[in-house]
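Subject: Structure for your attention

Dear colleague,

Please find below the structure that I am handing over to you. My notes on it follow directly after it.

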Amino acid sequence: MPVQGVCWFLCCRQGFSLLGRDYGEKEEEESFELRNKEDLTPNGRTPNEVTVSQPTCATNGTNGHVVSQSPVKMKKPTNEEYGMGVDEEPDLIVKGWLLREVGGSWIKHRRYWFVLSQDSLDYYTGPEKGARRLGTLVLTSLCSVIWPDKQTYKEAGYWSITVYGRKHCYRLYTKHFNEAVHWACAIQKIIDTKSPVETPTQLLIRDIEENKFNPEVVEHIYQHNAILKYTQGPLYAPLLPFPYGNLEHTYHNGKGYGSVREEAVKLFNCLQQLESAREPIPIIQGVLQTCLDLRPLRDEVYCQLVKQTSHTPSPNTAAHLRYWQLLTCMSCTFLPGSTVLKYLRFHLKRIQSQSPESEMDNYASFISEALEKTKCRECVPSWEEIQMLMNRQEMLCTVHHPGPGSCQLYISSHTTANEVVRRMQEKLGLQDSKNTFALYEQNALWEQPVAGNSLIADVLTSFTTKESESQSQWKLCFKLYCLLDADSISVDSIEYLFLFEQCHEMVVRGQLPACEEDLLALAALRLQSLVGDFSTHSPFPPLDELFPGHMLETRVLMSLSDPQAVPPCQVGGQDCPTTQRFPTGLLAGTLWSHSATVAHKQKMENDKRLRSRLKEEAAVVTTAILERWKGLAGYSSRDSMAAYLTIARQWSGFGCTLYEVDFYISSKGNFSQKLWLGVAATSVSIYKQGESEALESFPYGQICSYGVSDSNTFKITAGDRDLIFETSKLTEIMQLMNAYFSAIHRQRGKGEDADTITFTESTDVGLRHLAPTPTPTLLELPSHPV
């Protein structure tokens, strides 16, 4: 019973505290003292007097370290002291009562007297002279403070601050927000004044850099510092300094990572597992993924790999070469920081001089070349790419192009889309074309141009993820990008085939406005170019590959919307009053259920009728196409393509790229919805979807500026008019317009029209104008300059 009474008392007290907090109880005067310091400077250490943390534990007596020419001072915290009282401390900054979270007790928080000094945060049993010191957290530049947050206050009823140290973590609580902020500010200010902590590895790297032209001194450093050499033992602390604290407060924690220091130690364990793993690629991918997610760990992994490839007992074994293979993958994925990069280059040259004509020499040479080309990757290398890198080979990439053909090219981890475009032009004999080309990511329903500076290895890796998500096949396709001069294309060239195939893609997508008779003629010409003369045994491709599917649906829906085509019961029901026959009551649920069933059956019947009408309409269209196909007997494939393009050229917008825009607003008050924005070689035009005549057209000479005004709005200024479009294709429109302007500059030089163009980009609502330049630099062009 006494225990129950105490629990009831504590619960009531907590409840009254919450009520007081919620209903504005006046805060009491803060129970702490803030003593202003005129200057919070470092504590008198010279640059060489650095606090360091021991990175390894010498379990076998071989992993200790000796730091050359670098005196080190370690401050050993004392957990219990009975001597000097609190008031006799010379440099106190803040002191006061705080609650500290404690474990191993049914009481969650205990009240202690905390004292902040220039070097540490201590807590005592009380404020009186001679009070017992219960703990000390030494403050260094690696300590971190988590500030009070409202969520914790709502949950616990206290404002919380958390202080992370090397060995301890203090979670402190107070009822007063101002008090919590003062403590957090004071502690952070002390941390900011501390000299940066350098680990023994950092000090030794600096020594090696200073003595790199003196082989004897460098060898002496390696021989007397085991931390720089291969070890079979575990690592107990990172080689580089990382802030103490929970990862979620410093970096993203979406994948269940621990603190950066913990992840660094785990990564070294993963590296050591490579030696005995039957299949190293999953481990390599895991290490690379962690480095991609946690950028600070990249330098750490490089240092660990340099360590494990130095002074190895059996350097030429397959197990040891796994470290070199991972180092190769790292060098093709991430670049280290400048200091670690210099150290890595020195290590590679040292290995090459010590082990010439060896596998290590070959890997070191490959890595040195890779470091000259590497850019930070967007994706972790795929399984296939890692296999190729482990063998220092290139990957085979298949690039499709319009028509049935494709080309295979060898690419490295550094090959960009521009390089592939250039090589494809050389392979297909398109170097002298006046038009420009680009690579596209493409599947059966969707395509998008690849930016010129994109790494092909990243694009291919992304295909694996996309295929698993969408269950569709993705491929790289080489296509015409800017159609600058269609008249100069020879009928016998492969470029003419490109033009024909891409024009037909626009037709079946419904992006070539034409009457039904022209569409039937185009379908027949397509058949003649693919199959030849009509025969009863000739294959007939699916109708949606010849004729725009939306035309069939439109015809069927129009026929079904005719009142004469509606069943008599439905026609009669259209004039019935819509007043409610029964009041809502007990029968409402039953009536609703019955109505829903009837509606569902009606929908099923309508869908069945729609499918039946679509089949009938498809049969009619197919018969019409076959009749026209029979009349094309004797036409060659080239003649059919020429006749096809002759019909397509009747549209004034032939050669433009169409983008759907949701709405269009003009400064003169014009407003429209669901339009096409056509970007061509000479102008930008606006079309109503399905109509051949442009609503408005703006030659490039009239355009003063264009750019992104917010996340999905594109703005063009032509003379005194501002045109605003809402579209999801902002980047593609910007890239294509930049490419056309770039082509105009290359062909005409700096003409008057070109000088009036201003390229703009802004994430704000307003446009930011940039100075005109010969080549737009707003976005990387996805086509290679011809």
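This is a predicted model: local features need pLDDT of at least 70, side-chain atom pairs count only at pLDDT 80 or more; totals for chains, interfaces and linings use all residues.

**Helices α16 and α20**

The definition above applies to helix α16, residues 516–531, and helix α20, residues 637–648, which pack at an angle of about 160°. Because angles over 145 degrees fall in that class, α16 and α20 are roughly antiparallel to each other. Their axes lie 8 Å apart, and the crossing of the two helices is left-handed. On the α16 side, the contact is made by D518, A521, L522, L525, R526, Q528 and S529. On the α20 side, the residues that make the contact are S637, S640, M641, A643, Y644 and I647. Sorted by class, the contact of α16 with α20 has 7 nonpolar, 4 polar and 2 charged residues.

**Helix α4 and its two partners**

Helix α4, residues 200–210, packs with helix α5, residues 215–223. The axes of α4 and α5 come within 9 Å and cross at roughly 160°. That angle makes α4 roughly antiparallel to α5, and the crossing is left-handed. From α4, the residues L204, D207 and I208 take part in the contact, and they meet V218, I221 and Y222 of α5. The contact of α4 with α5 divides into 5 nonpolar residues, no polar residues and 1 charged residue.

How is α4 oriented towards α10: parallel or antiparallel, perpendicular or oblique? Helix α10 spans residues 338–354, and it packs with α4 at an angle of about 60°, with the axes 10 Å apart. The two helices are therefore oblique to each other. In this pair, too, α4 passes α10 in a left-handed crossing. The contact is made by I205, I208 and E209 of α4 together with T339, K342, Y343 and F346 of α10. By class, the contact of α4 with α10 has 4 nonpolar, 1 polar and 2 charged residues. I208 deserves a separate mention: this residue belongs to the contact of α4 with α5 and also to the contact of α4 with α10.

**A sheet of 5 strands**

The model contains an open sheet of 5 strands in the order β10-β9-β13-β11-β12, and the pairing is mixed. Its edge strands are β10 (406–411) and β12 (447–449), each of which pairs on one side only. From one strand to the next, the twist averages 40°. Within this sheet, strand β9 (residues 395–400) and β10 pair in the antiparallel sense over 6 bridges. In that pairing, M395 stands opposite I411 of β10.

A helix also lies across part of the sheet. Helix α15 (residues 494–508) lies across β11 (436–442), β12 and β13 (475–482), and runs at about 100° to β13.

**Strand β8 and its pairings**

Strand β8 covers residues 169–174 and pairs in the antiparallel sense with strand β2 (residues 92–101) over 2 bridges. There, L99 stands opposite Y173 of β8. Strand β7 (residues 159–164) likewise pairs with β8 in the antiparallel sense, over 6 bridges. The bridge partner of Y164 in β8 is C169. With 4 residues between them, β7 and β8 form a hairpin.

**Residue Y230**

Y230 is placed in the loop between α5 and α6 (260–273). Is Y230 buried or exposed? Its relative accessibility is 14%; because buried means under 20% relative accessible area, Y230 counts as buried. Leaving aside its neighbours within four places in sequence, Y230 is in contact with E275, K307, Q308, S310, H311, T312, P313 and Y323. The C-alpha atoms of Y230 and L305 are separated by 9.1 Å, and the two residues are 75 residues apart along the chain.

**The chain as a whole**

The chain has 22 helices and 21 strands. Buried residues make up 46% of its 786 residues. Of the contacts in the chain with a separation of 6 or more, 66% are between residues 24 or more positions apart.

Yours sincerely,

A colleague

Key: Residues are numbered from 1 along each chain as its sequence is written. Side-chain values use heavy atoms; hydrogens and water are left out. Axes are lines fitted to C-alpha atoms, for helices over the stretch in contact, and angles run from 0 to 180 degrees between N-to-C directions. Angles under 35 degrees count as roughly parallel, over 145 as roughly antiparallel, 65 to 115 as roughly perpendicular and the rest as oblique. A crossing is left-handed if the near helix is turned anticlockwise from the far one by less than a right angle, and right-handed if clockwise. Contact means heavy atoms within 4.5 Å. Ala, Val, Leu, Ile, Met, Phe, Trp, Tyr, Cys and Pro count as nonpolar, Asp, Glu, Lys and Arg as charged, and the others, Gly among them, as polar. Two strands pair if DSSP finds at least two bridges between them. Buried means under 20% relative accessible area, exposed over 50%, partly exposed in between (1.4 Å probe, protein chains only).
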